[in-house]
Amino acid sequence: MLVGSFLLRWKKGCCGRAAGLLALALAGCQPTTAPPPPALQAQFRQLLHLGDSVYAQKAGFGTFARALAYYDRAQTLADASQDTLLLAEAAFAK
């Protein structure tokens, strides 16, 4: 019974919901800023690579601290660029 009432309410407001979802999808596809310069991207990727290399050693807490230093510098670059992809990658690396 609960599912039936949900479907009935969904069907009544379906056009409005579909239009709202379409508007959100289209708004999300629009880039808000220019991509960061290639030099900044290269430096960012290098820092992530160095952090990953140090982290892979797993030789003690010191290696984790050194890897975090690289990830923090990459996060600083991502923050300065305000590029959503770099911000996401920096957050995932940490």
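What covers the buried residues of α4? The cover includes α3 and α5, where contact means heavy atoms within 4.5 Å. The model is predicted, with local features needing pLDDT of at least 70, side-chain atom pairs pLDDT 80 or more, and totals for chains, interfaces and linings using all residues. Residues are numbered from 1 along each chain as its sequence is written, and side-chain values use heavy atoms, without hydrogens and water.

**View 1. Packing of helix α3 (residues 38–57) with helix α5 (residues 84–93)**. Helices are DSSP runs (H or I, at least four residues), numbered from the N terminus. The two axes, lines fitted to C-alpha atoms over the stretch in contact, come within 11 Å and cross at roughly 10°. On a scale of 0 to 180 degrees between N-to-C directions, α3 and α5 are therefore roughly parallel (under 35 degrees). Leu40, Phe44, Arg45 and Leu48 of α3 meet Leu85, Leu86, Glu89, Ala90 and Ala93 of α5.

**View 2. The buried face of helix α4 (residues 61–81)**. Thr63, Ala67, Tyr71, Ala74, Gln75, Leu77, Ala78 and Ser81 are buried (under 20% relative accessible area, 1.4 Å probe, protein chains only). These residues fall within an arc of 160° seen down the axis of α4, so they line one face; the arc is that of the directions from the helix axis to the C-beta atoms.

**View 3. The opposite face and the end of α4**. Turned away from the buried side are the exposed residues Phe61, Thr76 and Ala80 (over 50%). Gln82, which follows α4, has a positive phi, near 55°.

Definitions and conventions. Helix = DSSP H or I, 4+ residues; strand = E, 2+ residues; numbered from the N terminus. Parallel < 35°, antiparallel > 145°, perpendicular 65-115°, else oblique. Expected span 1.5 Å × (residues − 1).
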